[in-house]
Amino acid sequence: MKKTAYVNVFHGSGEIDLPSPKGVAATWHFIKGLCGNTSPGAVLPFGKYSAAPYSAGYSSGYGVNKMNCGGPVKKLYGEMRLRGFSHFHNSGTGATNIYYNYAVAKPFYGEPELDYGVESEAGEPGYYCAKLAGSDIFCELTVSQSCALHRYTFDAPGGKLAVDFSNDGLYADEDQLRGVAEELKVEALSEKLLCAEAVLKGVRMWFAAEFSGNGRLDGENVFCLEGSGQVEMRLSVSCESMESARAELESEKRDFDRVRSDAQVAWEEALGKIDVQSENETELRLFYSNLYHTLVKPNNWGGGGFLWQGAPFVTDIVTMWDIYKTQLPLLFSLYPEISESFMAMVTKLGRERGRMPHMLMLTSNLDLEAKQARFLGAYAVYDAWRRGVRADYNGALDAVMADLHRPEFADFCRGGNCERTTHTLDMADGCAAAAELAFALGRDADGEELTQLCRYWKNAFDESTGLLYAEREYYEGNHWNYSFRPMRDMEGRIALAGGKDRFVALLDRFFGYSDAKDVSARFEGFNNETDMETPYAYHYAGEHEKLCEILSLADKYSFRDSRGTDGPGAIPGNNDSGGLSSCYIWNSLGLFPVSGQDLMLLSAPKFPLARLTLALGGELTVKKSGEGLCPKRILFNGEVLEERRISASAMMAGGELVFEM
């Protein structure tokens, strides 16, 4: 069966609906967003365009939820209602303050209403459709690399299609999530060609929309059908010029159905980079639905970016603190084209603007988030380098050094302390990664400077507790949540905690094996990005059984819905542009990347057989034999791995990884 047949595009699009946890998982304490925030709209893998149903719901524009950053989820509607179909969308993010949903297309009869009920909706990778309740209007969306395609079937005469180029964001009430275009000019150039120039979030964008069907544009933005039948609309966007937008539109010669079928072919190829074998269809649906939502972002615009003319331009790097740990290493391992474009983009941005992206969206504000993390571009450059991504690494290191010497990081460079303790850890281990690259490139002076700075990691820890300093300020958690990240000097980290036994005791308290009622010091059950790497702290203490048990419990209680399968409620928190879903993918394969290190930690695979088609051309085969939660023995290319780890660079050469349970 095709991989696309296992994808549920609605996976993670609603409020979480997880099984009732048992055992130690019952002690885990969710604190953050209680919805996955994905969208079922039509997209290509890393594609520029998205075309999606628009309800004005948080945060992708789809669904019935209002903003949710913890606690009960407030509802925008009692049941799904659509205001139209929009373009450009977040995927799984929380409160970014930029929510897109531009150029809202609204089909209707007579006079348009604010929103419409939904009789039915369905989708597959690259395609979405819906029947509007009580209107006999059937709506279809698909996308290509050069435009978004809409098709509306009106069973009765008098159908109309309007396009609102002013829309910016989501619902508008006390939360004020919706805006309007800062500038807007709309012009009908013919009976079937509509153009608009708009400034949205400080970015000037040109839209070109071409209609086909038995009708004409009536006024600025309404296409009126004569009789019943179909209306098709193709929409292209450029940040360069109207000529560029129209050229992109005119370059697409295929009809709607061919574009739809070709989109599925593109998704089949992308999903096929990992071939997992199982007789359990539910597990296959969970795996490929998570992989699908991992590959929606970032978006490769090719040329046509708003920061400069021409390629490279990759946007919706939202957000680095979510994607650098698991999603970017997955892309670097399997998807060379987007990886090379990403590296060219961040290198150019770092060299020309003196900063690497921490969060990059379609906005003139390049410094959207200043609290969550620091210096993560260094990790991404290192991970790409170790996985053989083709890039200008001298240029990338120039960008890293420019980023390091930004005024905002002066306190760390002078004395090894940041205002936020977690930033000290980010900076220190980022410097260690960059130092290794610098020495490999023969840039010893940079390497020496970075080596001096990487030693400051200890400044973040309170030796009296073995944890980060409790009285400092933390983002979405406390000092417990951030105290167990895999670091370069884990031997020193464990010694600082008072030795292995004391370190394990701290971990046991954090994961609920002890002090089960103290949720102030508690793992969040993969509800937040701080969780993704923390179970692997047990690896460094030799507690592999507990590592495998936690991952098994997470698979059972955090990454499937209350029915035990995929669905809108089957992601335990904001998917964050694929950060959380890619974590699920790695855990299911029994591997985990340690960002900023040439290191893959091993746990236990879910499937008896998986084959990964690697970006460098080789293949990694992962086999599991026997039963149980934890492997008795792991072999790589016939050699027993006593330490249960391999290097990322060795993985990229391919081979056979065998887990004997």
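Author: What follows is a quick tour of rings, cores, cysteines and charges. Bear in mind that this is a predicted model.

Reader: Fine. Rings to start with. How many aromatic pairs does a search of the whole structure find?

Author: The search finds 39 aromatic pairs. One is tryptophan 267 with tyrosine 292, a tilted pair. Their centres are 4.5 Å apart, with 45° between the planes.

Reader: Where do tryptophan 267 and tyrosine 292 lie?

Author: Tryptophan 267 is in helix α2 (residues 256-271) and tyrosine 292 is in helix α3 (residues 281-294), so the pair ties together parts 25 residues apart in sequence.

Reader: Are tryptophan 267 and tyrosine 292 buried or exposed?

Author: Both are buried. Another pair is tryptophan 457 with phenylalanine 461, and that one is edge-to-face. The distance is 5.8 Å centre to centre, and the planes are 80° apart. Tryptophan 457 and phenylalanine 461 are buried too.

Reader: Which residues form one aromatic cluster?

Author: Among them are Trp28, Trp480, Phe484, Phe503, Tyr538 and Tyr584. Phe510, Phe511 and Tyr513 also belong to that cluster.

Reader: Back to helix α2. What does leucine 271 touch?

Author: Leucine 271 has its place in helix α2. Not counting residues up to four places away in sequence, leucine 271 touches Lys3, Thr4, Val7, Tyr288, Leu291, Tyr292 and Leu295. Take tyrosine 292 from that list: leucine 271 and tyrosine 292 are 21 residues apart in sequence, and their C-alpha atoms are 6.9 Å apart.

Reader: Is leucine 271 buried or exposed?

Author: Buried, at 0% relative accessibility.

Reader: Now the core. Which residues touch the most other members of the largest nonpolar core?

Author: Those are Met205, Phe207, Phe211, Ile274, Leu291 and Leu591, in a core of 201 residues. Helix α10 (residues 421-440) gives this core its largest share, 10 residues.

Reader: Pick isoleucine 274. What is isoleucine 274 in contact with?

Author: Leaving out neighbours within four places in sequence, its contacts include Phe287, Tyr288, Leu291, Leu330 and Leu334. Isoleucine 274 also contacts Ile585, Leu589 and Leu612, as well as Lys3 and Arg611. There is a second, separate core as well, with 13 residues. Leu193, Ala208, Leu249 and Val259 are among its members.

Reader: Cysteines next. How many disulfides are there?

Author: The count is zero.

Reader: On to charges. How many salt bridges does the count come to?

Author: The count comes to 46 salt bridges. In one of them, arginine 178 meets aspartate 164, at 3.9 Å from N to O. Arginine 178 is in strand β12 (residues 178-180) and aspartate 164 is in strand β10 (residues 159-164), 14 residues apart. Arginine 178 is partly exposed at 28%, and aspartate 164 is partly exposed at 30%.

Reader: What does arginine 351 form a salt bridge with?

Author: With aspartate 392, where the closest N and O atoms are 3.4 Å apart. Arginine 351 sits in helix α6 (residues 336-353) and aspartate 392 in the loop between α7 (377-386) and α8 (393-404), so this pair ties together parts 41 residues apart in sequence. Aspartate 392 is partly exposed, at 41% relative accessibility.

Reader: And glutamate 436? Which arginine is its salt-bridge partner?

Author: Arginine 488, with the closest N and O atoms 2.9 Å apart. Glutamate 436 lies in helix α10 and arginine 488 in the loop between β23 (467-468) and α12 (490-496), so the pair ties together parts 52 residues apart in sequence. Glutamate 436 is partly exposed at 24%, and arginine 488 is partly exposed at 32%.

Reader: Which residues do shared partners join into one network?

Author: Arg351, Asp392, Asp398, Arg443 and Asp446.

Reader: Last one. Which ring does the charged end of arginine 488 sit over?

Author: The ring of tyrosine 382, at 5.3 Å from its centre. In another such case, arginine 260 lies over the face of tyrosine 127, 3.6 Å from the ring centre.

Definitions and conventions. Residues numbered from 1 in each chain as written. Predicted model: local features only at pLDDT ≥ 70, side-chain atom pairs only at ≥ 80, totals over all residues. Heavy atoms only, no water. Phe/Tyr/Trp six-rings, centres within 6.5 Å; stacked < 30°, edge-to-face > 60°. Helix = DSSP H or I, 4+ residues; strand = E, 2+ residues; numbered from the N terminus. Buried < 20%, exposed > 50% of the residue type's maximum accessible area, 1.4 Å probe, protein only. Lys NZ or Arg CZ within 6 Å of the ring centre and 35° of its normal. Core = buried A, V, L, I, M, F, W, Y, C linked by side-chain atoms within 4.5 Å. Contact = heavy atoms within 4.5 Å. Disulfide = S-S within 2.5 Å. Salt bridge = Lys/Arg side-chain N within 4 Å of Asp/Glu carboxyl O.
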